[in-house]
Structure formats: C-alpha cells, structure tokens
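Let's walk through some charged pairs together, one question at a time. Have a look at the model first.

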Amino acid sequence: MHDRYSNYFHSRWENLAGHQACVAHLLRDFADAAETYPDEHWPKQAQRALRGLIKAWHQAREKRLAEIDPRVSGPLITEFDNAVKVGISRVPRVPGPPSSTAQRPGRELLEFCRDRQGDVLRFSGDTRVWPTNNISERNLRPTKTQQKISGRLTSEDITQDRLNIRSYIDTARKQGVNVMTALRQAITGNPWQPALPPPI
C-alpha cells in the first residue's frame, strides 16, 4: 500500500504479492485535476467511481466476502476506466524525453491509472487488501520525506535495500518480536518470518 512513488515499483522486490496504490492519494490527485480542468467531467467521474468502490469494499468486508460482488464492482470499474480514457484523450502527452519533459497536470496520473489498473483496483477483487493508507504505507513515508527534503535516496538499488530492511524491522515489531532478535537471526542466516494470516 503506497502512493505512486516510482521506487516502490523497483524490479528487485521479491516475494511481493502485489501493489495497491493508495486510493486516498488518487482521490486527491483527481481533485487537483478537477480544479485544473473545471469544465471537464472525467476527474469527478473517476472520483465518484473510486468512492463507490471504497463504499462497496466496506460493505463486502462487513459481510466477510472475499471480494466485492462483481455486479456492484463491474459498473464502477467501467465508469472509472471510461473516465481515464476520456482524460487521456483530453490531456495529450507533451513530446520529449520522459526524464526531462514536464507533462500537463493530470497526464501522468491518467497514464498510471491506465497502465497499472490492477494496482489501482486490486482491493475490489480481494477484500484483504485495503484501498487507502494503512500502517505499512505510513512506515515508508520517512523515505519519501528524505527524498523530498534532501534529494537523498536517488539510487533505486540503495532505496530498495533500505526499504527491505525497514520492512523487515517494522513487520517484526508489529508481530511482537524483539527487533534486535529478528536482526540477529537475519544476520546469522535464519531470518524470522511472520506466520501466514488465516484466510477470510
């Protein structure tokens, strides 16, 4: 669970079940797009669809369902997909090298939602996945703050190593395991691993 920070998608992540882009972040980004393009309908349409999916997710969780009923999620996903398609057609890409070409507001958001729809809507097909910020995302926030303030962590490899260590420590702490014991076990080649959660 995280925002759209590109280093979270590093190819060296191993044993990762998947990503879930924080829908709260996406809703704020679409709200910004609605202010930038006040005459366009696609930003509000995308927000409406995402909010509908979040509400349906809560209802499915209360009923202990493994996923949102497809009869409910299907139309909302279609509505979201159509909003993204319209936005892509209305906010053209600025040509040029990706690393040095600033795009129009909302364009990269739309491309992310188009290209990584599975990471945006994963929660709709698996109610074990939360749609918005959770503890794990908050634990990674200091990394993003360091990158913003000091320009540190520009290397994807170094950032990946740091996140691996941080994730291991935070998971051990949340499971009530002594952090020093967990680190000692990892260094000596016998890393601690959490028990698998029971299925819903």
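**Salt bridges in a predicted model**

Q: In which helix do arginine 173 and aspartate 170 both lie?
A: In this predicted model, the two residues are 3 apart, about one turn of the helix. Arginine 173 forms a salt bridge with aspartate 170, their closest N and O atoms being 3.1 Å apart. The helix that holds both, residues 156-174, is H8.

Q: Is aspartate 170 buried or exposed?
A: Its relative accessible area is 6%. Buried means under 20%, so aspartate 170 falls in that class. Arginine 173, at 46% relative accessibility, counts as partly exposed. For aspartate 170, then, the word is buried.

Q: How far apart are the closest N and O atoms of aspartate 81 and lysine 85?
A: Both residues lie in helix H3 (residues 70-90), 4 residues apart, about one turn of the helix. Aspartate 81 is partly exposed at 25% relative accessible area, while lysine 85 is exposed at 51%. They form a salt bridge, and the closest N and O atoms are apart by 3.2 Å.

Q: Which residue forms a salt bridge with aspartate 126?
A: The closest N and O atoms of this pair are 3.0 Å apart.

Key. Residues numbered from 1 in each chain as written. Predicted model: local features only at pLDDT ≥ 70, side-chain atom pairs only at ≥ 80, totals over all residues. Heavy atoms only, no water. Salt bridge = Lys/Arg side-chain N within 4 Å of Asp/Glu carboxyl O. Buried < 20%, exposed > 50% of the residue type's maximum accessible area, 1.4 Å probe, protein only.
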